[in-house]
Amino acid sequence: MLKVRNITKKFGSQRALDNVSFDIQPGEIVGLLGPNGAGKSTLMKIITCYIPPTSGDVEVCGHSIFDDPKAVCRSIGYLPEHNPLYTDMYIPEFLSFVAGTYSLKNVKQRVDEMIELTGLTPELGKKIGKLSKGYRQRVGLAQAMIHDPAILILDEPTTGLDPNQLEEIRKVIRDAGKHKIVLLSTHIMQEVEAMCSRAIIINHGKIVTDGAVAELEKKGPLEHLFHTLTIDKAK
Ligand SMILES: Nc1ncnc2c1ncn2[C@@H]1O[C@H](COP(=O)(O)OP(=O)(O)OP(=O)(O)O)[C@@H](O)[C@H]1O
Ligand SMILES: [Mg+2]
């Protein structure tokens, strides 16, 4: 279970997040939507213990980000925005390194499973720095899933994927979401329709809607709803 409680994050005088609260249960794939600068990546960085909130708390599988950040990190797989990777490493070398940071047993078996799952086999002869964007994205996903975390936090996971890769990676995420909690951000509404059971839309750091995709779609296309809720009326 992921519990986000009254999270506020200030950067100087700017409130990047303003009193954000929600719960996510296992088996839910939740799309986090919002315009550029809405606060999506900031929220993900807080949930994954990369930055602290100004106020509020997050509970991950019963552990608070303040009281037990190590337990939080063990329960979460995170694909950050811009997907930072060690470009001088080969894929199995990098994945073994990540597995080592979680003290996994059966490292080789786990690395092989991840390579198979994310379709990396054809690229094993190349260093990560030489991979195309879509294949780097797959490595990012593989490192996020290697320790079989209960929660996946994926910041724009399908950016840069070609249509074939997109379908494969969506399937990997959908399958993972059958038993895990998945929170992913995207700007592609079809992605939400294809993968997510629930959508949370934020605008200027505040939740403006949170509901089942099927319910939200009854009011019309998601794109219209997004536009109506996030259009900047002040401008
Ligand atoms: N370290 C920081 N210092 C100052 N301001 C920051 C910092 N990190 C984020 N911000 C600001 O917080 C706001 C939210 O940024 P964030 O990256 O969370 O947006 P986002 O919803 O992920 O946008 P995008 O869709 O463009 O990825 C932005 O106005 C951004 O400039
Ligand atoms: Mg972002």
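The model is predicted, so local features need pLDDT of at least 70 and side-chain atom pairs count only at pLDDT 80 or more, while totals for chains, interfaces and linings use all residues. Residues are numbered from 1 along each chain as its sequence is written, and chains are lettered from A and ligands numbered from 1 in the order in which they are written.

Let's start with the whole chain. The protein chain has 9 helices and 10 strands; these are DSSP runs numbered from the N terminus, with helices being H or I of at least four residues and strands being E of at least two. Its radius of gyration is 18 Å, close to the 18 Å that the globule rule gives for 235 residues, so the chain is as compact as a globular protein of that length. (That radius is taken over C-alpha atoms, and the rule is 2.2 Å times the number of residues to the power 0.38.) Along the principal axes, the C-alpha atoms fill a box of roughly 50 × 40 × 30 Å. Of the 235 residues, 37% count as buried, a label that requires 20 or more other C-beta atoms within 10 Å of a residue's own, with C-beta atoms placed from the backbone.

Now find the open sheet of 6 strands, whose order is β6-β7-β8-β3-β9-β10, with mixed pairing. Here two strands pair if DSSP finds at least two bridges between them. The edges belong to β6 (76-79) and β10 (206-212); each has a single partner strand, so one side of each is left without a neighbour in the sheet. From one strand to the next, the twist averages 15 degrees. Inside this sheet, β3 (residues 29-33) and β9 (residues 198-203) run parallel and are joined by 4 bridges, and leucine 33 stands opposite isoleucine 201 in β9. Helix α9 (residues 222-230) packs on the sheet, touching β3, β9 and β10, and its direction makes about 25 degrees with that of β9. Such angles run from 0 to 180 degrees between N-to-C directions, using axes fitted to C-alpha atoms, for helices over the stretch in contact. Contact itself means that the C-beta atoms of two residues, placed from the backbone, lie within 7 Å.

Helix α5 (residues 133-145) lies across β6 and β7 (151-155) and runs at about 165 degrees to β6. Valine 139 lies in α5 and is buried, with 25 other C-beta atoms within 10 Å. Leaving aside residues up to four places away in sequence, valine 139 touches Leu85, Ile91, Phe94, Leu120, Ile128 and Leu131.

The other open sheet has 4 strands in the order β2-β1-β4-β5, with antiparallel pairing. Between β1 (residues 2-11) and β4 (residues 55-60) there are 5 bridges, and threonine 8 has serine 55 in β4 as its bridge partner. Helix α1 (residues 40-47) packs on this sheet, touching β1, β2 and β4.

Among the residues around ligand 1 are Phe11, Gly39, Lys40, Ser41, Thr42 and Glu81; being near means having a C-beta atom, placed from the backbone, within 6 Å. Threonine 42 is found in α1 and is buried, with 21 other C-beta atoms within 10 Å.

Notes: A residue is buried if 20 or more other C-beta atoms lie within 10 Å of its own, exposed if 12 or fewer, and partly exposed in between; C-beta atoms are placed from the backbone.
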